[in-house]
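Here are my comments on the model you passed along. Have it open on screen while you read, as I go through it point by point.

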Amino acid sequence: MKTYQLPGVIIERDEDRCINCQVCVRQCAFGAHKVDEDGEVYGEDAKCVACQRCVTLCPTNALYIRDNTPFVKDNANWTAETQKYIWKQAETGGVLLTGMGNPKPYPIYWDHMLLNASQVTNPSIDPLREPMELRTYLGNKPDYVEIEVVDGEPVLKTRLAPQLKMKTPILFSAMSYGAVSYNACEALARASKELGTYWNTGEGGLHKNLYQYGPNTIVQVASGRFGVHSQYLDAAAAIEIKIGQGAKPGIGGHLPGEKVGSAVSQTRMIPVGSDALSPAPHHDIYSIEDLSQLIYSLKEATEYTKPISVKISAVHNVAAIASGIARAGADIIAVDGFRGGTGAAPTMIRDNVGIPIELAIAAIDTRLREEGIRNRASVVAAGGFRNSADVIKAIALGADAVYLGTAALVAMGCHVCQKCYTGKCNWGIATQDPYLEKRLNPDIAAERLYNMVRGWSHEIAEMLGGMGINALESLRGNRLHLRAVGLTREEMDVLGIQIAGSPMA
Amino acid sequence: MIINAKGMYYRNLNEKVREAVDSGEIDIKLVNVNGQRYIADAIDTPVNITIEGVPGNNLGAFMSGPVVVVTANGQDHIANTMNDGKIIVHGDAGDVLGYGMRGGKLFIKGDVGYRVGIHMKEYHDKVPVIVVGGTAQDFFGEYMAGGTLILLGLDTGSYDNDRIAGNYLATGMHGGVIYIRGRLEDYQLGKEVSQLELDGDDRAVVEKYVTEFADDMGLNAEEILAEEFIKIKPVSHRPYGNLYAY
């Protein structure tokens, strides 16, 4: 069938600069650069996904990938994109598939919230010369602590629940081996160790070479239970029960058989080439009471030595659900907003289901405080955090820490082309093809991740000092330090913040 | 070693069981068990645990090695994500047994509830096996990705079911095999599977596990094997391969 889909981009090649070296041909797994009968390089626009790999590697800067969105006559409803989707489905009869997070122009509330700073009446702090505490502990905190005096020294009598101890309030999000390459997993693990934080295996199991990073690893138990056994649970610093993911709330996962090669098969413990299906629900969890049983069977399995996290997507009733999770015995509630990324999700679900993480954080923090159970579980927010300002605003809204997924991929080289589900990632990240995977050097990728988090942490310290605060703990849920611009009364009510210009008290 | 579970909170009971295992006890008997959850959870030492009474949910979750014998009925979630070992229940058991099980054996003498043996998977020599003596409710073997499920439909349970299995059997199945003693109506099956005759290899597998089951339960294997069995296998190991528009 002839396709009616028009190319959305155009490949421009500066013939004066091009030396016909064919780097672009070798670099493009999508086949957008070809060589003709005379040995001359040419481009096929329709195959280009705009990942910018060829542009970045072209030694003479001869390539440009430009927007070539087809012209649609006078129509804001039937855009080029809506027409393209219909053509694609008319030609295949399939479910539209995509990768990464929701790209639609929904409000980004981070950009409508501004941070406070000290002027005259209280001094700001210079983090370059004064101690600044970003140390974060995730886990259940006691309602009160009892202290007794032994030989004149105070001793903590209360037995504390297990905690994750981090140097910065930033963790790496769950990205499974299978969805991302082995080198990507190794880079995340190594960067976490260097940074004193944690990476998350996702539901794809833990590769045997990466068990050495167990003290910096959060392992996931999802509905497919891939690669879950007692050594896997023992190796980890914490265990996360995955209920939902921001990019696809309410639906399960599906790693196509093409991505299940021998190493992925070994780690997931399923035969080579078979589809890895994660059902939408855990069929042993139909209620908060059932969730509690999985939480406690994991606590029993690890003898109460590790925090148990429960990850959900931010949906309409998220605050009440979070309250149930805290009461079910979870030590950490991870909540993933509707801009959270994915290796593969149906486009309609990614773009239309769930709620923004900003509103979810505020709603959860408010609810848990009202119920007097905020100390029982830490809240980790995820879903499209772009920079340190987003992170510090999330903490002021009430999050304890933040998961980075897409930002971590971008640090490693991802250009958010949204083609992760094809397995042809030219940057060697979302692929299992050995030829593509080796493009991602784990030494360099780990360094890039380390550098990004180091930079963000410095910026957080600077902004914190500017507010006259020397410990991140003092900013947590301190929404007086946020002010709104361009939001409605209802939006400000849910966020629990005032309009810019209103006084501090 | 005998542990009296009467009136004991599950956390204390399981701590005592773990202590017994750590101290090198091989035969551990729990008496007066009455609904305590998570017994033998994640224990990876090959010990023998006998349970007198009804254990609570998640018996043998993440377990890897022990042989657990329950003299009465079991509850829900037995052998949840179990890795290795064997659980024998001399009575009926509840819902979602052997969820995501990847190795070892689960034998239930009587009837079982809904969603039993779902999402089991196998890898190389790790092949989980569940044998149910009585009948099963809906979604038996749902999402099954590997392993062996055997349903005998014997009148050994407490329910008077007129059908061996409920509906939606093996819905979404994409690996492994199910053997059923008797025939099912096609409407009881998920659309991803079909009913087949047994070949010689199948008969050897059925005979092996039914004989072991009968020995454990004090039943006559020859009588059980005298009836016809059918085999249920997925039509494709990629049931959802053509679902997406790339």
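The points below start with the contact between the chains and then move on to single elements and residues.

1. First, a reminder that this is a predicted model.

2. How much do chain B and chain A bury between them? The figure is about 3900 Å², with 55% of it on carbon and sulfur atoms. On the side of chain B, Phe62(B), Tyr123(B) and Tyr246(B) lose the most area to chain A, together making up 18% of what that side buries. For background, the size of an interface is often given as the accessible area lost when the parts come together.

3. The rule finds 3 salt bridges across it, and 17 residue pairs are in polar contact, with both partners at pLDDT 80 or more. A salt bridge to look up on screen is the one where the side chains of Glu289(A) and Arg37(B) meet, at 2.9 Å from N to O.

4. Which elements of chain B give two or more residues to the side that touches chain A?

5. To find the place, go to Leu96(A), whose bridge partner in strand 12 of chain B is Ala245(B).

6. Within chain A, there is an open sheet of 8 strands with parallel pairing, in the order 11-21-20-18-17-14-13-12. Strand 11 (170-172) and strand 12 (199-200) of chain A stand at the edges with a single partner strand each, so one side of each has no neighbour in the sheet. At the strand 12 end, 2 bridges join strand 12 of chain A to strand 13 (residues 217-221) of chain A, and the two run parallel. Trp199(A) stands opposite Thr217(A) there.

7. Helix 8 (residues 318-327) of chain A is mostly covered, with 7 of its 10 residues buried. Among them are Val318(A), Ala322(A) and Ile325(A). What do the buried residues of this helix pack against? Their partners in chain A are helix 7 (288-301), strand 17 (308-313), strand 18 (332-336) and helix 10 (357-370). Just after the helix, Gly329(A) takes a positive phi of about 110°.

8. Helix 11 (residues 388-397) of chain A is mostly covered too, with 9 of its 10 residues buried. The buried set includes Asp390(A) and Lys393(A) as well as Ile392(A) and Leu397(A). At the start of this helix, a side-chain oxygen of Asn387(A) reaches to within 3.2 Å of the backbone nitrogen of Ala389(A). Just after the helix comes Gly398(A), with a positive phi of about 135°.

9. Two backbone spots I would flag. Met269(A) has a positive phi of about 60° although it is not a glycine, and Tyr168(B), also not a glycine, has a positive phi near 60°. Met269(A) lies in the loop between helix 6 (262-268) and strand 16 (276-278) of chain A. Tyr168(B) is in the loop between strand 8 (145-151) and strand 9 (175-181) of chain B. Are these residues buried or exposed? Met269(A) is buried, because its relative accessible area is 11% and the cut-off is under 20%. Tyr168(B) counts as partly exposed at 46%.

10. Last, Lys34(A), which lies in strand 2 (residues 33-35) of chain A. Lys34(A) is partly exposed, with a relative accessible area of 26%. Beyond its neighbours within four places in sequence, its contacts include Val25(A), Tyr42(A) and Lys47(A). Glu44(A) is also in contact with Lys34(A), and a polar contact of 3.1 Å joins the two side chains.

Notes. Residues numbered from 1 in each chain as written. Chains lettered and ligands numbered in written order. Predicted model: local features only at pLDDT ≥ 70, side-chain atom pairs only at ≥ 80, totals over all residues. Heavy atoms only, no water. Buried area = accessible area lost by both parts, 1.4 Å probe. Salt bridge = Lys/Arg side-chain N within 4 Å of Asp/Glu carboxyl O. Polar contact = N/O pair within 3.5 Å; in protein donor to acceptor, adjacent residues only side chain to side chain. Pairing = 2+ DSSP bridges. Helix = DSSP H or I, 4+ residues; strand = E, 2+ residues; numbered from the N terminus. Buried < 20%, exposed > 50% of the residue type's maximum accessible area, 1.4 Å probe, protein only. Contact = heavy atoms within 4.5 Å.
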